Amino acid sequence: MEKKALIILNPCAGTRQANRYFVEIIDIFCQGGYCVEVATTAKSGDGTVIARERAADFDLVVGIGGDGTFNEIVAGVMESGADVNLGYIPAGSTNDFASSIGLSTNILKAAEDIVSGTPTTLDIGTFNGRYFSYVASFGAFTRASYEAPQSIKNALGHLAYILEGIKDIPSLTPLEVRIKVDEGVYGGKYLFGAVCNSTSVGGILTLSENHVDMNDGKFEVLLIKSPSNIIELNQILLALTTQNYSHSSLISFFSSGNLEIQADSTMPWALDGEYQEGADEISIRNIRSAIKLMTKSDSSNPAKD
């Protein structure tokens, strides 16, 4: 029986390179035994609507775009309740989630890996009910992920986020946050915080693969308190650069399945690089093994059982 694949394309993602190879992409899936249907997004949220309404009719749903596009498709599939395999052809500016999974940055190779690959189960999260694939963050550099102009992201990639984030530095003020996690309570004034299931955050922070298990029912949580002098700032930078977080007493790094957060409702967040309005009370939940993503069979899988 012929398999059915739904391909959801964001034609405006990144440098739009996927558009140039679209016929070849379709041919790869057809040669792999799939009957293919295609849908394109025109505005934010379209990926969720398409996946929610149509995922149940397919064996495979493939997203072509950036991490934001994949986020929308995951949300739609979760809302549909469909038991369907997912594919991701990364065509955005940074593709943090794709990098963590080890997906090819070559458009056609990524398509081939989906067709010949095997399903890998991965955790995803919810932020007051909104799904996210790999990170919820606040504080320094968070605005850069959704405010850097797309033209600059296309030209400069990761550097665009750094340049946009530097503009925030003069106005950065510590954010009062209280976080209840599995192991206890953290609180204080923080410059940055990330709840992630990824080895890369916004192309700015990188976590060791030894610290990240993407299928264990837990998030990796990184909190950075405000330094009071240049020595403490240098300690933070050294700790982040070497990924040895014990270098600074101002950094907390731990794993937790669920988090209850109290913060100023005006404090913005970013979910998978997209803007998320804050709230006084925030509940973050890890849904273990929530999705099945097709990855190449010979990859060293970061999602450990």
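What volume does the largest cavity have? About 80 Å³. This is a predicted model, where local features need pLDDT of at least 70 and side-chain atom pairs count only at pLDDT 80 or more, while totals for chains, interfaces and linings use all residues. Residues are numbered from 1 along each chain as its sequence is written, and side-chain values use heavy atoms, with hydrogens and water left out.

Start with the empty space inside. Rolling a probe the size of a water molecule over the atoms shows where such space is left. Here a cavity is a set of points, on a 1 Å grid over the protein atoms alone, where a 1.4 Å probe fits but cannot get out. Its lining residues have an atom within 4 Å of a point. The volume is the space filled by probe spheres set on the points, which are joined across faces, edges and corners. Searching the whole structure gives two cavities of 30 Å³ or more.

The largest cavity is lined by 12 residues, and G102, L103, S104, D113 and K296 are the closest to its centre. Helix α6 (107–116) gives the most to this lining, with three residues. Helices (H or I, at least four residues) and strands (E, at least two) are DSSP runs, numbered from the N terminus.

The second largest cavity has a volume of about 40 Å³. Among its lining residues are L9, P11, R16 and I64. Helix α1 (residues 17–20) supplies the largest share, three residues.

Now turn to the charged pairs. A salt bridge is a side-chain nitrogen of Lys or Arg within 4 Å of a carboxyl oxygen of Asp or Glu. The count comes to six. In one of them, R54 meets E37 at 2.4 Å, N to O. R54 lies in helix α3 (residues 46–54) and E37 in strand β2 (residues 34–40), so the pair ties together parts that are 17 residues apart in sequence.

How open are these side chains? Buried means under 20% relative accessible area, exposed over 50%, and partly exposed in between (1.4 Å probe, protein chains only). R54 is partly exposed at 28%. E37 is partly exposed at 30%.

K43 and D46 form another bridge, at 3.1 Å, N to O. K43 is exposed at 57%, whereas D46 is buried at 14%.

D83 and K292 meet at 2.7 Å, N to O. This pair links distant parts of the chain, 209 residues apart: D83 sits in the loop between α4 (67–80) and β4 (85–90), and K292 in strand β17. D83 is exposed at 66%, while K292 is partly exposed at 26%.

Note on methods
On a 1 Å grid over the protein atoms alone, a cavity is a set of points where a 1.4 Å probe fits but cannot get out, and a pocket is an open set with protein on both sides within 12 Å along at least five of seven lines; lining residues have an atom within 4 Å of a point.
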